[in-house]
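Keep the viewer open as you read.

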Amino acid sequence: MASRKRTLLKVIILGDSGVGKTSLMNQYVNKKFSSQYKATIGADFLTKEVQVDDRLVTMQIWDTAGQERFQSLGVAFYRGADCCVLVYDVNVQKTFENLDNWRDEFLIQASPNDPDTFPFVVLGNKVDVDEGRSRVVTEKKAKQWCTAKGGIPYFETSAKDDVNVDSAFQCIARNALKNETEEEQYIPDTVDMNAQAVPKGRSSCC
Amino acid sequence: MKRALDDDNLREALRYSAAMLGELRTSLLTPQKYFELYMQAFDELRHLEACAAYFAEEHNKGRSYADLYELVQHAGNVLPRLYLLCTVGSCFIRAKEAHAKDILRDLVEMCKGVQHPTRGLFLRSYLCQVSRGLLPDTGSEYEGEGGRISDALEFLLLNFTEMNKLWVRMQHQGSPKDRERREKERQQLADLVGKNLTYMSQLEGLDVRLYQDVVQPRMMEQVVSCRDDIAQQYLMQCVIQGFPDECHLRTLPALLAALPELQAGVRVHLVLASLLDRLARYAATDASVVAALDSCDAFGQLLGAAGKVAAQHAEMAGGDVAAMFIALAQFAAAVYPGQLGLVDRVLVACHEALGERGGTADRTRAEKQLIALLALPLARPDAVAVLGLSAYPRVMALLAPTSRKEMAAKIVATLLEGDTEVGEPAQVEKLFDFIAPLIADIPGADAGQDEEDFEEEQGAVARLIHRLRSPLPGRHFAVLKAARARLGGGGARRLRFVLPPIAFQALGLVRQLAEGGAGRGPSSSAAAVEDGEDAPTAEAVLQFVHGVAVQLAEAGDKPEVALQLFLAGAQSASEVARLELIAYEFFEQAFLLYEEAIPDSAAERTALASIVGALQRCTVFPPEPRAALVHKATGYSAKLLRKPDQCRAVLACSRLFWQATPEPSPPQDVGGAAPQPPVRDGERVLVCLKRALKTAHAAQQQLAAALRGANTAPASLFVEILNHYLFYFDQGMPGITPSVLQNLLELVANEMATEPCQADAALVAFHANTLKHLAALKAKGGPRYDAIQL
């Protein structure tokens, strides 16, 4: 049944607090935007069906907490990601500088098979603010960074005005799809208990 | 499971799923490891769920979701059963075969079947996750028959409450010795509970009114009543960060009312700080926000809440109390940058809160925080406005003596950095209240301070005194008097640092008065009227300087400095104010001090040179009093111990009889005596010069007897004498003829020819320069020089 074999792409959105990760996802998936800041607690995803060329794929887009204090359970959900989206706010220098940290952290935690070719996409968000007058990170700067990191695709977006959001996610889907290797269907991933050779206890209480 | 799915064997698929989910029943994993396992299971369940189409097909074969919903309940263990139930339930809702609100209520209730904290929390987290997007939110396709926004909120609130209960219960399970590990695990699980709040805040239908009426009261009720430190700390942060600013603004009283109710172990200052931070950012976005804050007296409320928290929790650390007020002060500075009164209110409240705790002495952290609080207003561009904070010194008084002093030094440094001027006597008083630890001894403040530190500190105070000024003379004088009154009591060792700047400021004022008297008489009196203070007379200011100098002299520390003050006063009285009697009085004091207090011959030499220099330039004295003063000064020169000193002093004294023609200056009407004509007494000069020569010869002989002439000092004296002769000759003094000069030149040349003199490079250069000078004079000097042979 073709419909059931539909590909599932896992995408993780990372970036500092307040850069607009949730807003980008909401704009893309629900076509909704709110300018109010609400911190995201923990991590959660929305799904969206996307047509990439002639394939219909399901994107599972993980929105994460930018504030460290709301990331208490760790980042186990990084694993199995097909693409990582790094977001910064073009009006706040620090959020751009932190991209390095987010990228490194992701590569360490997700440990993809080939870190050098793992697909990232960088989004410079909030280009609408003050009609760009308060912007501090230039497009050139951002592109330089992306080039230095192995040619990461870069988009300037506005979740508020829905600028470039669709095309960015289209690119994300395409890159994620490229990364997705044909996985063996029935062999589940081994659950790595970090060499904690503990026999699975059978507690009977529930 | 997947194979079974592919084979359309639902029953098998469910069986495998249940087996897989059985793994989640483990109790051996830490929350983070459990989360990894959960994620694995979760991904598998995605496959199950992703087969919505498949189920639909199933449905067509005559099976309804209702059947399926029943079917999954056959799973043997409760945990897998509930996971499957949640999964199928979500499909059930998606297919719109049942009302969302019914299924959700059913599920949220059924999940009560798992009461093991970790497993329960993850299960409920799963329930939330799969039902996301399926809630009967406003505008959602599941709204209407499926329920309303209130049902969606009810579901999440219920889930939140249940999860929080599980989470809190965890604290009370297991043995007390595992507490540390358990608390760590609880911290890790926090996000599962908090995520409910994110789901709520992201509901389209959640408006401010609903938040105010339903969500916030229910959340706060749960937060307060759970009486658990970790939960309260975390959830307060979640509430503050997770919901929009507008909501907080509307529910500020309720939010703040919860703060004092929190457990003693909750670090309320962090909670308050993050709320303030949010509100401040919010206020920065739009002026209307500030208006909204004002209309509910947000600042007053916040301040009140902080005070209440401090009062409620007597055991709260002083540092945390101070930290709350720091956050408030920062808030005030960010939202109301111009309103220093608010900062003062913060300080008053802080003083009250900490005062009850007996200050911060000996408690390092509290001390640090308090210093940080006090440093905040200093960061303003108009640091002097700090002096308007009436509560500031009171808060400072809470500090331990040493830190109080550091703080005072910081204030001084800050005021010096800007171009601050303090021009009100009342402000000066305040300033000295603020820096009180620097201007007088306080017990315990000087521990470990060495002389260098002390000098540096007092030097800074001295620099600050130069900032005490007003363009209005009357006020300026009042400011200086106020400063003297306060600083005069600082003890002998401070006086030499702080009194001279006051005196010199006053002398500057004398000059200003003198110039003003000539230039803008009427306008200055107009200013005085406006001011309500009369401009002082120069005489009054000089009397003031006199008093200052006398005080310094009497303190006995560094009489040289006092002597310089007297001389500067004399000079000012004579040349600026033209007040003969006062000038005379100054000299008398200087002489007195010279006779009684100058400690050694080196100091004597310098002091005498200063006296002669000052006297030489004074033109106010009529012949008789002047003669008396000159007599004294020349008398001193003869009494110096060493011959070379005597010689040089006499040379200097010669100038007392040959005053320079005063520089033509604009006529000044200061009401004082007109300048006397310059004294030109060639005979007396010649007496001095001859005496100098004699003394130099005597010195030479004295040395020859003792050291066999290896010393070049006498030769140097001769060159100096020659220079004086040259000066007077050039001035056209009658007693010095070319032949006298010629003789002297030869004498010096002979002296210089000796071996030790030739070896003294400095002396040789001195001599050569002198001759060069003579040559230059000769070149343009006219016929009188013709007789001189080089």
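In chain A, strand S1 (residues 7-15) and strand S3 (residues 55-63) run parallel and are joined by seven bridges. Strands here are DSSP E runs of at least two residues, helices are H or I runs of at least four, and both are numbered from the N terminus. Two strands count as paired if DSSP finds at least two bridges between them. Within this pairing, A:Leu8 stands opposite A:Thr58 in S3(A). Strands of a sheet pair through backbone hydrogen bonds, either parallel or antiparallel.

This is a predicted model: local features need pLDDT of at least 70, side-chain atom pairs count only at pLDDT 80 or more, and totals for chains, interfaces and linings use all residues. Residues are numbered from 1 along each chain as its sequence is written, chains are lettered from A and ligands numbered from 1 in the order written, and side-chain values use heavy atoms, leaving out hydrogens and water.

Now widen the view. The chain A sheet is open, with six strands in the order S2-S3-S1-S4-S5-S6 and mixed pairing. Strand S2 (44-52) and strand S6 (154-156) of chain A are its edges, each pairing on one side only. Neighbouring strands are turned by 25° against each other on average, direction ignored. Axes are lines fitted to C-alpha atoms, for helices over the stretch in contact, and angles run from 0 to 180 degrees between N-to-C directions.

Two helices lie across this sheet. Contact means heavy atoms within 4.5 Å.

Next, the rings. Over all chains there are 37 aromatic pairs. Rings of Phe, Tyr and Trp (its six-membered ring) pair if their centres lie within 6.5 Å; planes under 30 degrees apart are stacked, over 60 edge-to-face, the rest tilted. B:Tyr69 and B:Phe92 make a tilted pair, 5.5 Å centre to centre with 50° between the planes. B:Tyr69 lies in helix H5 (residues 65-71) of chain B and B:Phe92 in helix H6 (residues 78-94) of chain B, so the pair ties together parts 23 residues apart in sequence. B:Tyr69 is buried at 7% relative accessible area. B:Phe92 is buried too, also at 7%. Buried means under 20%, exposed over 50%, partly exposed in between (1.4 Å probe, protein chains only).

Last, the cysteines. No disulfides (cysteine sulfur atoms within 2.5 Å) are found over all chains. The cysteine sulfur nearest to B:Cys226 is that of B:Cys238, 12 Å away. B:Cys226 is buried at 14% relative accessibility.
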